[in-house]
Amino acid sequence: MQKLVIQGGKRLRGELDLQGAKNSALPILSASLLCDGESVFHNCPCLTDIYSALRILNSLGFKCSFSDNTATVKYNGICRSEIDGELMQEMRSSIIFLGAMLGRIKECTVSYPGGCELGSRPIDMHLDGFRKMGVDIREEYGKIICKVRDKIHGAKISLSFPSVGATENIILCAVLADGETVINNSAREPEICDLAGYLRKCGAKIKGDGESRIVINGVKKLNGCEYSIMPDRIAGATYLSATASTGGEIILKNACINAMESFTSMLESAGCSINTSGNTIYLRSGSCLKAIKNIKTMPYPGFPTDAQAILMASLLKAKGTSVFEENIFDCRYRHTDALIKMGADIQVIGKTAVVHGVKRLYGATVEATDLRGGAGVTIAGLSAEGTSIITGLNHIDRGYENFEKSLALLGADIKRTE
Ligand code: EPU
């Protein structure tokens, strides 16, 4: 079993190039399934979830390769309509292949997806959207069997919540459908704009991405293209937080500044000084951060749920009391047990977590229970006294490329051991 071993207390300082966005690359890889010819993706992060997506494409008949942050996906005919249960279990984003498969071959069988345990993660909105577009769906022995009787047709779909995955899946199903699809109350996340940007470059007709009403006009055919994946705003938030919590300074290059604003403004409230220029963020932090009273996770452009554990970890020693409200997932405070073990003072009541700043954190052996929680406990380890050992690295490796190497580059004393 691999572990991260951290000697806490080092002030982080240096420059870092931000990786490509996992949550953009995954739906975009799925979208490549809709295209003839070849797609070449630059700035694709090297992550276990990306390998899982490429394995799904390979299993369906595509020819894929990956090296030096470039992924290539070549259409070679689709040889099957079922995605293996084992591949579906590897990550939550496996469900995004359902919309693309329906769009392309009008049938697909999948099982329920795996991924981080953040509470119940239903896919009812995805399936309701497909039904409206003419897909018959039945469930048998844990398998979801989807078939289109006649053809996939455009539809007016109103989401009861701006779900990122449901918005992406419906776009993927709609780009080759007959007629116009309108998604009302669509998610507005920047990764959705990146997906739409790639699909448009392949020939799709999509308008309104980044807003609450997306309109897709089906086209007959899409052709693969060369595309560069946007930077990862949550990985960016992680390195900024890690630096802030150790009183350090960082130049973060290749960042998506606008997409990170709800996060960087929080670090400014905590007392960090932040300057931006082009696609570079410069952060400098004092020795003690200030608590933040009111951090509510919301769909974009609100404060991202994916950054909740990360910001919390950097505020554990802040002066005063910080209050978090988690509004997206019903079980996203699992990292707090590990943080408390390290000396943090946190009370969780329902969707609220109250963090009283403490003077010191102490190194401990703790487990990463999910991806962002794992990043959070690592940040706590960096500002704790003594040695921390983090297990459960399979979660962290799903979303962070060269995690410990990047932190070590900034001056952290962190190593991966067997
Ligand atoms: N929901 C439903 N029904 C649905 C779909 C969603 O009730 O059919 C609920 C979910 O249970 C949740 C809320 O709606 O309570 C939001 O879920 P959403 O569909 O927006 O999330 P997702 O598509 O499953 C993506 C990211 C997550 C990120 C969320 C929210 C990817 C691969 N995953 O998940 O990222 O937290 O959006 O922004 O894009 C991560 O990177 O660590 C991560 C978990």
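Predicted model: local features only at pLDDT ≥ 70, side-chain atom pairs only at ≥ 80, totals over all residues.
Helices (H or I, at least four residues) and strands (E, at least two) are DSSP runs, numbered from the N terminus. Residues are numbered from 1 along each chain as its sequence is written, and side-chain values use heavy atoms, with hydrogens and water left out.

**Backbone points**

- Aspartate 68 has a positive phi, near 50°, in a residue other than glycine.
- Aspartate 68 is exposed, with a relative accessible area of 73% (exposed means over 50%, buried under 20% and partly exposed in between, with a 1.4 Å probe and protein chains only).
- Asparagine 402, in the loop between helix 13 (393-396) and helix 14 (403-409), also is not a glycine and has a positive phi of about 50°.
- Asparagine 402 counts as partly exposed, at 44% relative accessibility.
- Tyrosine 300 and proline 301 are joined by a cis peptide bond, with omega about 10°; proline 301 is found in the loop between strand 19 and helix 10.

**Helix 5 and its surroundings**

- Met125, His126, Leu127, Gly129 and Phe130 are buried in helix 5 (residues 124-132).
- These buried residues pack against helix 4 (96-105), strand 8 (135-140), strand 9 (143-148), strand 10 (156-158) and helix 6 (164-174), where contact means heavy atoms within 4.5 Å.
- Glycine 134, with a positive phi near 100°, follows helix 5.

**Helix pairs**

- The axes of helix 6 and helix 7 (residues 190-201) come within 11 Å and cross at roughly 10° (axes are lines fitted to C-alpha atoms, for helices over the stretch in contact, and angles run from 0 to 180 degrees between N-to-C directions).
- That makes helix 6 roughly parallel to helix 7, a label for angles under 35 degrees; over 145 is roughly antiparallel, 65 to 115 roughly perpendicular and the rest oblique.
- Helix 6 contributes Val164, Thr167, Glu168, Ile171 and Leu172 to this contact, and helix 7 contributes Ile192, Leu195 and Leu199.
- Helix 8 (residues 233-245) and helix 9 pack at about 5°, with axes 11 Å apart, and are therefore roughly parallel to each other.
- Ala237, Leu240, Ser241 and Ala244 of helix 8 meet Phe263, Thr264 and Leu267 of helix 9.
- Serine 241 is buried, with a relative accessible area of 0%; not counting residues up to four places away in sequence, the residues that serine 241 touches include Ile310, Leu311, Ser314 and Ile379.

**Aromatic rings**

- The structure holds 7 aromatic pairs (rings of Phe, Tyr and Trp, its six-membered ring, pair if their centres lie within 6.5 Å; planes under 30 degrees apart count as stacked, over 60 as edge-to-face and the rest as tilted).
- The rings of phenylalanine 263 and phenylalanine 303 have centres 6.0 Å apart and planes at 25°, so the pair is stacked.
- Phenylalanine 263 lies in helix 9 (residues 261-269) and phenylalanine 303 in the loop between strand 19 (295-296) and helix 10 (308-314), so the pair ties together parts that are 40 residues apart in sequence.
- Both phenylalanine 263 and phenylalanine 303 are buried.
- Phe41, Tyr198 and Tyr227 form one aromatic cluster.
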